[in-house]
Each structure stands twice: as C-alpha cells, then as structure tokens.
Amino acid sequence: MATMTSIVIPKDYGLDLFRTPPRDSSPPLRGAMLTYTALQLSFWHGLRIGSYRKQAGLGYPKAFADSSHMSAADADKKKKMYLFNCAKRAEDNYHENHASVMAAMLISGVQYPLTTTGLSVVWMAGRLVYALGYTRTDKSKGEGRLAGSFFWFAQLGLFGLTAWTGIKMVL
C-alpha cells in the first residue's frame, strides 16, 4: 500500500496580497508577500526597459539594438542603445531565474519561513543591485552587474531548502 505525504498550507498563506500584512502576520503570509514583491521587481524591470528603449529610440518589436542600429548611430545614440541592451539583458537574466526562485520561495517558505524570508530578501536585493550595476556608465561591458552577483548564493540557498523540504517529505 502506497503512503501519501501531504503539505498543510495555513489558511492565510494566500491571503490578499495587496494588503499590508499585520505586524503579527504568520510566516506563510510573509512568504506570499515576498513572492508578490518579486513580481513587483519584475514590473520595475519592465518600466526601466521602457525608459531605456525610449532614450535609445528603438521601437517595438525590437528586443535589442543590433549591430546595424549601432553602426548607423552617432556616439550619443550608441551609448543609449548600449545601455538599453544592458538593461534588457539584466531583465532577461532576471526572468531566466525568476520562475524557479518563486517556486523555491513558495515551497521552502512553508517549512522554513524565516530562512526563506532572509534568503529571498537577499536575492531581491542582489537582483536590484545587479540590474542597476549593469547600466552603470562608469563600467564597461556591463561589469557593474558583478556587484549584485551575491544573489546567486541566496538562490542556491533557496534551491537547497526546497530540495531539503522535498527530501523530508519522502523520508
């Protein structure tokens, strides 16, 4: 006979995410709020891209300023196109990692709410520093992004907690 493992999700885990949680909110609500905040960071990336796109003079559906755009532009426009490409790449990298991190936040947050909260805050701060650093004008080749690379440690921590949560369910 097969045995089933169940996860008990507290009833306020999915509480209205648009409200500010009360000071004594339970850790699962805090986890849901962190996931919502990560979605807002995604929205911020989109707003940022729109601003850089407008400055670079690139219309939709252009995803990046390619070499033909760059070669036809003057020095000022080239710099704006370069910064747009950097901002777009930072956004793309965010989305490459976002879904798996959100899943990790939701899964590990049920079992390890405080550790997940800490790692999630570090991850989001790292992603913010990464995006801002990527578009620093005093760094070449987007090297300013490296200042935010600490997000990888938080991301690996979240993945590890998620794996451990799964292992504990099986054992």
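This is a predicted model: local features need pLDDT of at least 70, side-chain atom pairs count only at pLDDT 80 or more; totals for chains, interfaces and linings use all residues.
User: Why is Phe-153 called exposed?

Analyst: Phe-153, which is found in helix α5 (residues 151–170), has a relative accessibility of 66%, and because exposed means over 50%, Phe-153 counts as exposed.

User: What makes the nonpolar surface patch that includes Phe-153?

Analyst: The patch, of about 350 Å², is made by Phe-153 together with Val-122, Val-129 and Phe-150.

User: How do you know that Lys-80 and Asp-76 meet in a salt bridge?

Analyst: Their side chains come to 3.3 Å, N to O, and because the cut-off is a side-chain nitrogen of Lys or Arg within 4 Å of a carboxyl oxygen of Asp or Glu, the pair counts as a salt bridge. Lys-80 and Asp-76 are separated by about one helical turn, because they lie four residues apart in helix α3 (residues 75–111).

User: Why is Lys-80 called partly exposed, while Lys-88 is called buried?

Analyst: Buried means under 20% relative accessible area and partly exposed lies between that value and 50%, so Lys-80, at 30%, counts as partly exposed, whereas Lys-88, at 14%, is buried.

User: What makes Lys-88 part of a network?

Analyst: Salt bridges that share partners join Lys-88, Glu-91 and Asp-92 into one network. In the bridge between Lys-88 and Asp-92, the closest N and O atoms are 3.1 Å apart, which is within the 4 Å cut-off.

User: How many salt bridges does a search of the whole structure find?

Analyst: The search finds five, one of them between Arg-89 and Glu-96, with the closest N and O atoms 3.0 Å apart.

Technical notes
Residues are numbered from 1 along each chain as its sequence is written. Side-chain values use heavy atoms; hydrogens and water are left out. Patches are made of residues with over 30% relative accessible area and no salt bridge: like charges are joined within 9 Å, nonpolar side chains (Val, Leu, Ile, Met, Phe, Trp, Tyr) within 5 Å. Accessible areas come from the Shrake-Rupley method with a 1.4 Å probe; for residues, only the protein chains shown count as cover. Helices (H or I, at least four residues) and strands (E, at least two) are DSSP runs, numbered from the N terminus. Buried means under 20% relative accessible area, exposed over 50%, partly exposed in between (1.4 Å probe, protein chains only).
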